[in-house]
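Keep the structure open as you read.

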Amino acid sequence: MKRDPKVELMRIIACAIVVGTHTYLPSVVSGQADIGRVFMSCVLADGVAVFWFINGFFLFKNKSYGSLLRHTLKNIIVPMVCVSLFYFYLGGWITDGETLAASVSHTPDEYKSLLNGVLSWNNAVPDTGYLWYLYVYVFMMLLYPVLKAFADYLDGSAKREKAFLIISAAILLFNDISGNKFGSFSHHTVNALLPAAIEILWGHIIYKYRDRFAKKRFMIISIAAFLVFNVARTLVQMKNYSADTSDKSALYWYTLFGLFCSLSVVVFCLATGLQKERRTKTNIVICSVASYTMTIYLVHIIVRNFLTHYGVIDMLQEIIVGGRRGFLYEVAYDAAVIVIIFAISLVIAVLIRCLINLFKKIFSPAVKAVGKKAGE
């Protein structure tokens, strides 16, 4: 198989976590933090960090700068622009109950806001703030030569790699202790570059030594580590909430908790025993589903908002949680919402790919014929 099913499993888990990040129950109820819900918000906090790790696996594999930029344009920028424009013009109609005419109609101020968002490298389209990851990714690819030079430097010595792992973890820890005042990390351009680069380089190093983790015991170790880190993270976040219910600093991907929890997910997948050389049904399904994760990521908020607008999410919460208070009910609700939104988004992703392939099949011969005629 061309794809590594261990890595593709990571993509699926990371994508499911991202969906969960945008759907889990509020952690603060009636002005008080609920410890069970806070724990779930911690568990569902680091999908993006796992994706940064995965980027590091393959980013430095003999790619030219030009080919990387072309790949970024085709596979990141174009889909991001398409989704943004789709939501800008049709979002109100699909998810807010507006008429189609009202949805596609926009004032000059809204167009001005959209332009200002682009100039500040932010997505100004309502409800598409989750696309920040792609904006940062594009910015990171523009700086690829610098990152590649540093990765090559680290590859020259195991001591350098160990030093980097220790120092970078210490930087994140110091920033956490300072309440993010040291690094002022965020989800925006320059403020996201350093933590993203750290996690990409961690992924590069970990994947280079992936065979060391290909043992069943690391599955148990990684699960235990994931739970321990998130219990500790929950206690820290509960303390944060007790001082300020708007303080979510322990939940962000650019924390030391985010680094270690995502590392636990990565190690778990590397230890699963899935083998690239075997074309088993499990591997085929994993690789097939994982190939749609980018599209799932792009459309899942649209699906969530559609289901919310038509009362499906509220109905699901009433059926599973209702007036009951209990951790297991809340976990069941979070899991159900993730599965439903992921599944619907997957179906949409499959349909989109089918339409694209059909479009290529219809128009590709015509394009080639025009090109051939122009070259005569």
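Which residues in H7 meet which residues in H8? Met140, Met141 and Leu142 in H7 meet Tyr144, Pro145 and Leu147 in H8. Note that this is a predicted model. Two packed helices are described by the angle between their axes and the distance between the axes.

**H7 with H8**
- The axes of H7 and H8 are 5 Å apart, and the packing angle is about 70°.
- That angle makes H7 roughly perpendicular to H8.
- The contact of H7 with H8 has 6 nonpolar residues, with no polar and no charged ones.

**H4 with H7**
- H4 and H7 cross at roughly 165°, and their axes come within 10 Å.
- H4 is therefore roughly antiparallel to H7.
- The crossing of H4 past H7 is left-handed.
- From H4, the contact takes Tyr65, Leu68, Leu69, Thr72, Ile76, Ile77 and Met80.
- From H7, the contact takes Leu134, Tyr135, Tyr137, Val138, Met141 and Leu142.
- By class, the contact of H4 with H7 has 12 nonpolar residues, 1 polar and no charged.
- Met141 and Leu142 of H7 meet H4, and Met141 and Leu142 also belong to the H7 contact with H8.

**H8 with H10**
- Helix H8 covers residues 144-155 and helix H10 covers residues 189-208.
- Their axes lie 11 Å apart, at an angle of about 40°.
- That angle makes H8 oblique to H10.
- H8 passes H10 in a right-handed crossing.
- On the H8 side, the residues are Leu147, Phe150, Ala151, Leu154 and Asp155.
- On the H10 side, they are Ala197, Ile200, Leu201, His204, Ile205 and Lys208.
- The contact of H8 with H10 counts 8 nonpolar, 1 polar and 2 charged residues.
- Leu147 of H8 takes part here, and Leu147 also meets H7.

**The largest pocket**
- Rolling a probe the size of a water molecule over the atoms shows where empty space is left.
- The volume of the largest pocket is about 1800 Å³.
- A total of 47 residues line the largest pocket.
- Nearest the centre of the largest pocket lie Asn75, Pro79, Ser291, Met294 and Thr295.
- Elements giving two or more residues to the lining are H1 (5-21), H3 (47-58), H4 (65-95), H7 (132-142), H14 (293-309) and H16 (327-375).
- The lining of the largest pocket has 30 nonpolar, 7 polar and 10 charged residues.

Methods. Residues numbered from 1 in each chain as written. Predicted model: local features only at pLDDT ≥ 70, side-chain atom pairs only at ≥ 80, totals over all residues. Heavy atoms only, no water. Axes fitted to C-alpha atoms, helices over the stretch in contact; angles between N-to-C directions. Helix = DSSP H or I, 4+ residues; strand = E, 2+ residues; numbered from the N terminus. Parallel < 35°, antiparallel > 145°, perpendicular 65-115°, else oblique. Left-handed = near helix turned anticlockwise from the far one by under 90°. Contact = heavy atoms within 4.5 Å. Nonpolar A, V, L, I, M, F, W, Y, C, P; charged D, E, K, R; others polar. 1 Å grid on protein atoms, 1.4 Å probe; cavity = no way out; pocket = protein on both sides within 12 Å on 5 of 7 lines; lining within 4 Å. Points joined across faces, edges and corners; volume = space filled by probe spheres on them.
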